[in-house]
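Let's walk through this model together, one region at a time.

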Amino acid sequence: MIKLKSLPKISVCIPVFNSEATLFRTLESLPPQTFTEWECIIVNDGSNGKDLYQNDCKKIVTRFRKKYKFPKNKILYIEHRKNLGLLEARRSAVFAASAQYICILDSDDELLPESLEFLYKAAQKSDADIVHGASEILYDKKNCSEEILMRASSIEKKANNIYEGELLNQGIFDGFLVKSNHSGFLWGKLFRRELYLKALSYIPFSNCVFAEDFLQYFFISLFAKKYTGIENNVYRYYIDSGISSFSKIEDLQKWQKISSTANVFTILFSVIKEFSPGTFSQNQMEALRSFSKSYLANNLKQLNEAVDEKIKTEARQMLCDYWGEDFVEYIEENTCLNPAREQQ
């Protein structure tokens, strides 16, 4: 039996919601780590999925523990009684973590064998609050659709948008929000836990599924004192055909999750008002508004291209309920997404 001699240095946080089919593969990327002072926290976010052997999340975690004879304080399991969304699953994991640093790992992705070592050594050398490494983007290149190919190319470009060297204080926030000199994905990075906790303290409870990386990294980058980028590959991201793709949307429950992207910007614009005047520059506010327009434009594109005609009227109304009808109409008129205009 393996026993932890001291507190771990890195807490690997894995949220799970109906991704049991890939969870064991994700967990299997932990034992080969050359850096061994880690703990893993799995949060079952009200999931009811099963793997190929009909094992639920808890059984998969138990099977993994037994295979490697890990104690429970090496592999922690937390269960939400109902689905609270990715934001809250990650919040639960970070709260439960005992290490100095947090590594976010999604339950359908993997770490490379030297990932934690590369990230931790860089953090120790630079005393950085954020360490940002490169990512491998994997997908079936032979049998993928044009949409998946475009999505893979876009994610690869964003994920590997890494600032070479160090950013300090306001330069981190400006670099992310205004200059776009590094991506805001949470995966592929190492965060100082106390920084992550401070960021979460500004984010109220919300059932966020989309753009929650943006929401969390907004505050993480705002309060961070030092960022360092490294050239090493530390993350393996698998492209799938999940609800963020433009696959056919035939039910309003699925569409509601997409529409709820608006929650992120509702939270941001609301919380920003609580800061002292002058905290955010005009350029930063303009950049934030630009991001909100971009996310809504993407929602509208999905509405036009992916939502079934039978529910399209209700789906558009739902989008207006979340984003505001005036804002939806403004984006339609200014991005050529208005169906009536397209027919002219």
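Is Asn55 buried or exposed? Asn55 is buried, with a relative accessible area of 17%; here buried means under 20% relative accessible area, exposed means over 50%, and partly exposed is in between, using a 1.4 Å probe and protein chains only. You will find Asn55 in the loop between β2 and α2 (57-68). Helices (H or I, at least four residues) and strands (E, at least two) are DSSP runs, numbered from the N terminus. Leaving aside neighbours within four places in sequence, Asn55 is in contact (heavy atoms within 4.5 Å) with Glu20, Gly49, Lys50 and Ile60.

A word on the source before going on. This is a predicted model, in which local features need pLDDT of at least 70 and side-chain atom pairs count only at pLDDT 80 or more, while totals for chains, interfaces and linings use all residues. Residues are numbered from 1 along each chain as its sequence is written, and side-chain values use heavy atoms, with hydrogens and water left out.

Now turn to strand β1 (residues 10-16), which is mostly covered: 7 of its 7 residues are buried. In a regular strand the side chains alternate between the two faces of the sheet. In β1, Ile10, Val12, Ile14 and Val16 point one way, Ser11, Cys13 and Pro15 point the other way, and all are buried. Two strands count as paired if DSSP finds at least two bridges between them. β1 pairs in the parallel sense with strand β2 (residues 38-45) over 7 bridges, and Cys13 has Ile41 of β2 as its bridge partner. β1 also pairs in the parallel sense with strand β4 (residues 101-104), over 4 bridges; there, Ile10 has Tyr101 as its bridge partner. Together with helix α1 (residues 20-27), β1 and β2 make a right-handed β-α-β unit. Right-handed means that, with the strands pointing away from the viewer, the path from the first strand over the helix to the second runs clockwise.

Next, the nonpolar interior. A nonpolar core is a set of buried Ala, Val, Leu, Ile, Met, Phe, Trp, Tyr and Cys residues joined through side-chain atoms within 4.5 Å. The largest one has 67 residues, of which Phe218 and Phe219 touch the most other members. Helix α8 gives the most to this core, with 8 residues. Apart from neighbours within four places in sequence, Phe218 is in contact with Phe173, Phe176, Leu177, Leu268, Ile272, Phe280 and Leu288. A second, separate core of 41 residues includes Ile14, Trp38, Phe64 and Ile230.

Helix α10 (residues 262-272) is worth a look here. Its buried residues are Ala262, Val264, Phe265, Ile267, Leu268, Val271 and Ile272. An α-helix has 3.6 residues a turn, so residues three or four places apart point the same way. The cover over the buried residues of α10 includes α8, α9 (252-259), α11 (282-305) and α12 (312-323).

What about the aromatic rings? A search of the whole structure finds 30 aromatic pairs. Rings of Phe, Tyr and Trp (its six-membered ring) pair if their centres lie within 6.5 Å; planes under 30 degrees apart count as stacked, over 60 as edge-to-face and the rest as tilted. Phe64 and Phe70 have ring centres 5.7 Å apart and planes at 50°, so this pair is tilted. Both Phe64 and Phe70 are buried. Tyr202 and Phe219, by contrast, form a stacked pair, at 5.9 Å centre to centre with 20° between the planes. Tyr202 lies in the loop between α7 (193-201) and α8 (212-223) and Phe219 in helix α8, so the pair ties together parts that are 17 residues apart in sequence. Tyr202 is partly exposed, with a relative accessible area of 29%, whereas Phe219 is buried at 0%. Ring pairs also link Phe176, Phe191, Tyr196, Phe214, Tyr217, Phe265, Phe291, Tyr295, Trp323 and Phe327 into a cluster.

Two rings have a charge over them, meaning that NZ of Lys or CZ of Arg is within 6 Å of the ring centre and within 35 degrees of the ring normal. Arg25 lies over the face of Tyr238, at 3.7 Å from the ring centre. The charged end of Lys74 sits over the ring of Trp38, 3.9 Å from its centre.
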